[in-house]
Amino acid sequence: MSHHLGALVAREGRLLRRDRTAWLSVAILVALAIVAFANGTSWARFQRNTQRTLRAEEAMRFDSAHARLVRLARGDSTGITGATDPRSPAVAGRAANARWLLLSPGPLAALAVGQSDLLPHATRITTASRRTAPVSEEIDNPVALMTGRLDLAYIMLVLYPLFVLAMTYDVVSGERERGTLSLLASQPVNVRRVLLAKLAVRGAWVIGAAVLISITAALVESTLGGGAALAASGMLSRLALWCTVVIAYGTFWFAAAVAVNALRRSSAVNAVMLLGLWFALVVVTPALVSNVVSVAYPVPSRISLATAVRDAQQQLATRVPSRADALGEFLAEHPQYRARADTADAQTMALANAARLDARLRPVFAVFDRRVRAQQDAADVLRFLSPALAAHGALLDVAGTGNRRWRTFEDTWIAYHARFTAFFFERVVSHRTMTVDDLAAVPAVPTIDEPARTLLAPLLASLAAILLPGLLIGIWGMRRLAHVTTVAI
Amino acid sequence: MGCPLGERGGGIGLMTISHSSPDPSTGARVIQAIARREFIDLTRDGRFRWSGLVIAGLLLVALGAGYTAHRAARADRDGAQSQMQAWWYQQPPKNPHSAAHYGLWAFKPMPPLAFVERGVDPYVGTASWLEAHRQNDFGFRPAMDATAVQRFGEWSAATVLQQLVPLLIVVLAFGAFASEREHGTLRQVASLGVPARALVIGKSIGISAALAIILIPAALVGALALGLSAGFTSGDGVRLALLAVVYLVWFALVLAVVLAVSLWASSGKRALVTLLGVWAFSCAVAPRLVAAGARALHPTPSRAAFQSSVEHDLANGLDGHSPAGERAKQFEQQLLTAHGVRTRAELPENFDALVMQASEVHGDSVYDHHFGALNAQFTKQTAIQQAAAVVAPLVAVRFLSTAIAGTDLTAHRAFADAAESYRRGIQVRMNGWLARNTKPGETFSARADSAVWAEVPPFVFTAPSVRAALASYAVSGVVLFGWVLLAFAVIRTRSHLAVE
């Protein structure tokens, strides 16, 4: 038998290809992955279709508003009432010209559903306050939300380690139990090299399958599922990042299997120990981190926010200031309107009152937003406690369905809403009527852009969290494998 | 149990079996001896101590975290609801229609057992604004404000009992027969004349006793926490007892499956790997598959599509042919004919207010139609999921557990319906007052005072009884018992092979 590691690996590879259980485990992984991918891609498609409908509806509304303005310019005002007159900027800023801000599914969104089924993916922008926006999250069966979705990310995080462990947990102990280990030791071969080759081939078998599955899923999504085209929108770079995380995560579990194999216990003991490690890292640590995060960084309930809004409304209603005072408060925040604002104008006063309410609520909502983000940041930091948590965060970020991208969406929402309302408020306060040119000048809806390179820094941290413990454990295990035949139990 | 040879074999000497005749009293003593032996073996095992400690620890942490969060949330909601109610009654004199627009918020209460079984509560909205003209869906899902980590990792006491205790049972009992057979000690036991049935029963009792050591303290802590929580009633005690029964049946089912696999497998290692695969599939994969299947078979519309079809029907009537203007004309005609007068002014009540109420009624029918269709889809999905519990019994346990705790979808719907009835009641009263006490032309300028607000009774919600809650999940109960019977049947038929 050749001593060269490469030759050993090739031989083990040939042996493995004839092993039925190896093919069976890959078949099960592939079957699960197909179902998971079907789930993920149907959800991504649902989101895309919904967003397409919303854009079409928005275009129709724009066209009809345009047509009405043209008609009015010609002097034809049939069917137009005060509440629907598109020339009034106060009316124009509401439902008639509402814009949809969309969080379109990224190129790998079919691989990881993440939080995208809970958080809204489309919000309607009007001049109305963001705080009183109606319910916009997608309709879904709460039992299904509670159960969670079977997507590829879930398979990778929870089940893929079990497959890696199942293939590698009894390489050494199985040889000992079958009696072939002493046979191997009696031959003029480097026992450690042979065992490592066996382990490496079996580990690579599963890790390779996982990578192939991911690549196939992404390619199928981009060609058939209506997803982003291959080269566009950074799909390839994201796919490379995804595969890197999958390989790193699989390598960690492989290293753990190597270490446990080197402990010279029986197969059943190995299985229980590795299961215990899986349990500790995939189940217990995330549970403890969740509890710590929710206790140490509690988020005030939305109910208290709703009560705060009512409270502010009550206060403003009981102490009604004079028009001049109310307008004064408004102008203190928006000095650019000072020259043109006029207490006699009902629309301006309505704006002023709404702005007063908003000003009262701003600190309350600022505290809420700060606490939510603090909780997310804490969870981000604590992900280093478990490779499963680090991989979870990394996979969701690469797919764009985690908290990170939604935060970008929320920031864009706040900024765009401010620009949109400023555009119409300017015209309300100045008593300008809307014209066709004004309609075209309404600020365009931004697209949520998240170039792959912004993900690199957090991803590198996550990869370090996965690989460093893996490397330590793996190197220790590899060293100890040399002694595996000197003491038998 | 995969332990080194000899440990188990040595225990046989402790069994004092003098003869093997099927005498009931000695039969019971045999079982007792086997049970005691199994119990001692298990509790001495380091693996039991570690895994038992971890599970018990997780259970207590889940109970503790659940209890503190629950108490805070409950106080928050109850306080907020009474504040909202007070604000309604304290409204200054204003037009009743303005009051109807002001409305109040309905906050979903948390049932006492929600600290054990959170159910769907994090995923359904907690608040709905009860305002005029519009039935708002429930918003503010608590899970939206939580992190992705919490969705991945958070465990309530119920999920620990549903998913992790079975894993504990697997780890404790996988080798009950398989390892003994592998090491040959089972043959030695059989040679003493111990009937196979006694062996199976004895081992089951021993393992159950070991489990009880881990679970009973947690159960007592849970009961204590429930007893200490505000608003505890005897009904809640009954619910806790029912919950205990459901989980005992679940553990019995799991133990039966584990013993059945242990009887069948040729070695401890094979039994363990098989059981781990079964566990991973049942807990991690099957429920998600079932939910996905139910959703695919009975899909629900997107939020945007739902809202736009509601708006379309509100504007054009349910049949799509009667816009508001036409409906108002028809209504006027009917009203004039009914009262036998010819003009609006001759009507005994304010026509404007009557039209408003008629429009509310129309809106109500539109909402009933659309929300009804949506809820019908959810009901169909639930039916599919319950049927699929045949391959994934965890789904059945979950349904029963959430139903008993009052955190299932039907409990949410009951509250949503109650809130909607209350909202409609407000509209009827406000529009009724306007109809009786104002003339057309002053409909929206008239003012009412707090006597009118006080006519609206406070919003009180009584949760449906346990019997009503469980009625929707009869199929789950049947499936669960079916599984237990099947597992026992398999054990019964294979137990004679135990010693081979």
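Tutor: Let us begin with a definition: the radius of gyration is taken over C-alpha atoms, and the globule rule is 2.2 Å times the number of residues to the power 0.38. Please keep in mind that this is a predicted model.

Student: What radius of gyration does chain B have, and what would a compact globule of 500 residues have?

Tutor: For a compact globule of 500 residues the rule gives a value near 23 Å, whereas chain B has 31 Å. The box that the C-alpha atoms of chain B fill, taken along the principal axes, is roughly 105 × 45 × 45 Å. Within chain B there are 19 helices and two strands, and buried residues account for 54% of its 500 residues. Of the contacts in chain B between residues at least 6 apart in sequence, 81% join residues at least 24 apart.

Student: Why does Ala90(A) count as buried?

Tutor: Buried means under 20% relative accessible area, and Ala90(A), with 11% relative accessibility, therefore counts as buried. Ala90(A) lies in helix H3 of chain A, which covers residues 89–92, and, leaving aside residues up to four places away in sequence, Ala90(A) touches Gln347(A) and Val428(A).

Student: Why are H1(A) and H8(A) called oblique to each other?

Tutor: The axes of helix H1 (residues 5–17) and helix H8 (residues 191–223), both of chain A, come within 9 Å and cross at roughly 55°. Angles under 35 degrees count as roughly parallel and those from 65 to 115 as roughly perpendicular, with the rest between these limits counted as oblique, so H1(A) and H8(A) are oblique to each other. Their crossing is right-handed. Among the residues that make the contact are Leu5(A), Leu8(A) and Leu16(A) of H1(A) and Val194(A), Val201(A) and Trp205(A) of H8(A); the residues of this contact divide into eight nonpolar, one polar and five charged.

Student: What makes H2(A) and H8(A) roughly parallel to each other?

Tutor: The axes of helix H2 (residues 20–73) of chain A and H8(A) come within 10 Å and cross at roughly 25°. Since angles under 35 degrees count as roughly parallel, H2(A) and H8(A) are therefore described as roughly parallel to each other. The crossing of H2(A) and H8(A) is right-handed. The contact includes Trp23(A), Phe37(A) and Arg48(A) of H2(A), together with Trp205(A), Ile213(A) and Glu221(A) of H8(A), and its residues divide into 14 nonpolar, one polar and two charged.

Terms used
Residues numbered from 1 in each chain as written. Chains lettered and ligands numbered in written order. Predicted model: local features only at pLDDT ≥ 70, side-chain atom pairs only at ≥ 80, totals over all residues. Heavy atoms only, no water. Axes fitted to C-alpha atoms, helices over the stretch in contact; angles between N-to-C directions. Helix = DSSP H or I, 4+ residues; strand = E, 2+ residues; numbered from the N terminus. Parallel < 35°, antiparallel > 145°, perpendicular 65-115°, else oblique. Left-handed = near helix turned anticlockwise from the far one by under 90°. Contact = heavy atoms within 4.5 Å. Nonpolar A, V, L, I, M, F, W, Y, C, P; charged D, E, K, R; others polar. Buried < 20%, exposed > 50% of the residue type's maximum accessible area, 1.4 Å probe, protein only.
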